[in-house]
Amino acid sequence: MKKIFLPALLLSLLTGCGDSPVELSAVSIPAANFSESETIPDTSENKTTESSSENPTETEDKISAKAAQKLKEMNLQEKICQMFIAVPEAVPGYSSMLYVDDWFETCYEEYPIGGFIYFESNISYDQQLRDLLGRSQETAMDKGIGVFQSVDEEGGSITRVQRTLWTDPVYDMSHYGKLNNFDKAYDAGRIIGGYLADYGFNVDFAPVADVNINPSNELGKRIFSSDPIVVSDMSSAVIKGLKSQKICTTLKHFPGLGAGDGNTHYNSVYIDRTYEQLTIEEFPAFKGGIEEGTDFVMVGHQITAASGDELPGDLSPVVVTDWLRGEMGFDGIIISDSQSMGAITNVYTSDEAAVMAVKAGVDIILMPYDLRTAVDGLKTAVNTGKIPLERINESVSRILEKKEEMGLI
């Protein structure tokens, strides 16, 4: 018998899917079944203009036939939801989640987000994790598009799965930077990728491609080296190892956190770097991973002086579009860092941050503080013309093509 926590169920009935999580008690009851008609609003009015048109859009002409057809079938709510990765509990509004229940499945109908990120609070034991990832993937596939199943698994001190389930460990990335040995770094990626794939993950938010410029930066031993060429080579090796196990990879935190002396988890961080300095140190460090074919690049929240706009990187068109797309030539999926971090939440609301990120060129928003507010903010921005529909289609097309490649559509 499936069980859900009583307070979460009552809160869901009162407030609907996706509201802010609450603390749950240990009391549990059998899960109730809810019909779709009781909880899911009719979103037919959100059908996009091009969905009913026989003429393909510019975006549809540039992507595979299968992805183009899927894009054409999607309404605005579905498209926008694909542009989010959040913790699984954000969908039903739970404070923690170890398994998929009926209410989660019902809420996913309303908020079919593009992926989930998992933390230690979502991991209890071996079979539980397999079941959680398996059921959430099945729920998404039943709706027609599978999900990115992601985790921060860098090795060393940043391991959600390894330190909880005692899989094979690897060292902090500074260890491999000191060795400067491609094969050793490749093996680290291969080991991590192997156990992640075994549990059902398909995306790793690793490796770190920042350069250790300021010893007071927030990353420490997570960084390979102070030498950008070593960072470039070692991150490329880890990516190759992860990809050998069919795990998608993520370079982070563009354009570089290594020169900072604060922590974006809590406050804004200002990095006083000129564009020339970036082209000599930070940009070359990301080059190897991009050339190796990283699937994602994560843009951080640091404010970099050279951008000239005083905006967090993931909200800056200069950082995202001019530098990452233009200067670096990256044509994969651009994802923000977690928008639940203080550098964002202390300054912006969830809808403001989401709209600014998409306008800057970000494809996927990671962990908005309030998922519903962020989704609704993007819908309003499209419906009022603040963001062109074609801009949404551009990001969703990248997401769909990657998911087609992964067998998720």
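Two strands count as paired here if DSSP finds at least two bridges between them, and strands (E, at least two residues) and helices (H or I, at least four) are DSSP runs numbered from the N terminus. The model is predicted, so to speak for itself: local features need pLDDT of at least 70, side-chain atom pairs count only at pLDDT 80 or more, and totals for chains, interfaces and linings use all residues. Residues are numbered from 1 along each chain as its sequence is written, and side-chain values use heavy atoms, with hydrogens and water left out.

**View A. Strand 5 and its partners.** Gly115 has Phe148 of strand 5 as its bridge partner. Strand 4 (residues 115-118) and strand 5 run parallel, joined by four bridges. To get from strand 4 to strand 5 the chain goes through helix 7 (residues 126-143), a right-handed β-α-β crossover (with the strands pointing away from the viewer, the path from the first strand over the helix to the second runs clockwise). Strand 8 (residues 203-204) also pairs with strand 5 in the parallel sense, over two bridges, and there Val151 is partnered by Asp204.

View B. The charged end of Lys403 sits over the Phe148 ring, 4.7 Å from its centre (the rule asks for NZ of Lys or CZ of Arg within 6 Å of the ring centre and within 35 degrees of the ring normal).

View C. Rings of Phe, Tyr and Trp (its six-membered ring) pair if their centres lie within 6.5 Å; planes under 30 degrees apart are stacked, over 60 edge-to-face, the rest tilted. That rule gives 12 aromatic pairs. Tyr275 and Trp323 make a tilted one, 5.9 Å centre to centre with 45° between the planes. This pair links helix 12 (residues 275-292) to helix 13 (residues 317-327), its members 48 residues apart. Tyr275 is partly exposed at 35% relative accessibility, while Trp323 is buried at 5%.

**View D. Around Leu378 in the core.** The largest nonpolar core has 111 residues, and Leu378 is among those with the most contacts inside it (buried Ala, Val, Leu, Ile, Met, Phe, Trp, Tyr and Cys joined through side-chain atoms within 4.5 Å). Beyond neighbours within four places in sequence, Leu378 is in contact (heavy atoms within 4.5 Å) with residues including Ile80, Phe84 and Ile387.

Technical notes: Buried means under 20% relative accessible area, exposed over 50%, partly exposed in between (1.4 Å probe, protein chains only).
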